[in-house]
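Colleague: Could you take me through the ligand site in detail? I would like the contacts, the cover and the make-up of the shell.

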Amino acid sequence: MENFKDLVQKRRSIRKFTDQDINPEDLQIIIRAGLMSPTSKSTRGWHFIVVDDKDMLEKLSLCRSMGSQFLAEAKCAIVVLGDNQLTDVWCEDASIAAVTMQYQIADLGLGSCWCQIRNRFMENGEPSDNVLRYLLHYPDNLSAECVIGLGYPAIERKPQNEDGLKWENVHIGLYSDSEEN
Ligand SMILES: Cc1cc2nc3c(=O)[nH]c(=O)nc-3n(C[C@H](O)[C@H](O)[C@H](O)COP(=O)(O)O)c2cc1C
């Protein structure tokens, strides 16, 4: 396991992937990380749909007017759903699960990128969530927060630049406008 301090610096969004198959055991470890993520009142209302069929990945890539195209190239996608009837914080729970899986993906040497679904639309105004519901057959009480596209990185990305961190957005004790100081 990678040191977490280094892992958070090295994780970058990856939108280009090689043809290399993902080891099924690695995929299980990734989903396990999502299933271990914290949820409000421990409701654990999320659902994850794992898609590796090339045709379906291409269909998913068209669910938004922009920002989703990279899914066509992904080796696999995890559609992250929350139960909107079970909890009013389904999107927080789903987001935490998604990002937990992203760090696990990075730790395994794979790459991933988040594709936003909630509040996103097709060119014709159709909500992207409806498009996914139609394609993947999930019920109305579930809503998609995002799709995580993953695979082995086809490009190398630089780690986060330590010097570019927005320390000015961190306030100690009280909010302070750094421009005024
Ligand atoms: C809430 C959220 C929504 C995002 N939506 C998309 C998206 O729809 N399509 C995409 O290509 N990247 C998306 N991203 C990835 C961001 O563009 C990326 O995290 C950001 O540019 C910082 O780059 P890094 O992840 O390499 O540090 C999203 C990330 C977050 C956290």
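Modeller: A polar contact here is a pair of N or O atoms within 3.5 Å; within protein, one must be able to donate a hydrogen and the other to accept it, and residues adjacent in sequence count only if both atoms are side-chain atoms. This is a predicted model, with pLDDT of at least 70 needed for local features and 80 or more for side-chain atom pairs, while totals for chains, interfaces and linings use all residues. Numbering runs from 1 along each chain, and side-chain values use heavy atoms, without hydrogens or water.

Start with Arg12. An N or O atom of its side chain sits 2.9 Å from a ligand oxygen. The side chain of Ser13 also brings an N or O atom to a ligand oxygen, at 2.6 Å. Gly67 uses its backbone: an N or O atom there is 2.9 Å from a ligand nitrogen. The protein buries 59% of the 620 Å² that the ligand exposes when taken alone (Shrake-Rupley method, 1.4 Å probe).

Now the shell. It has 13 residues (a heavy atom within 4 Å of the ligand). Arg12, Ser13 and Gly67 are among those that come nearest, along with Arg15 and Arg64.
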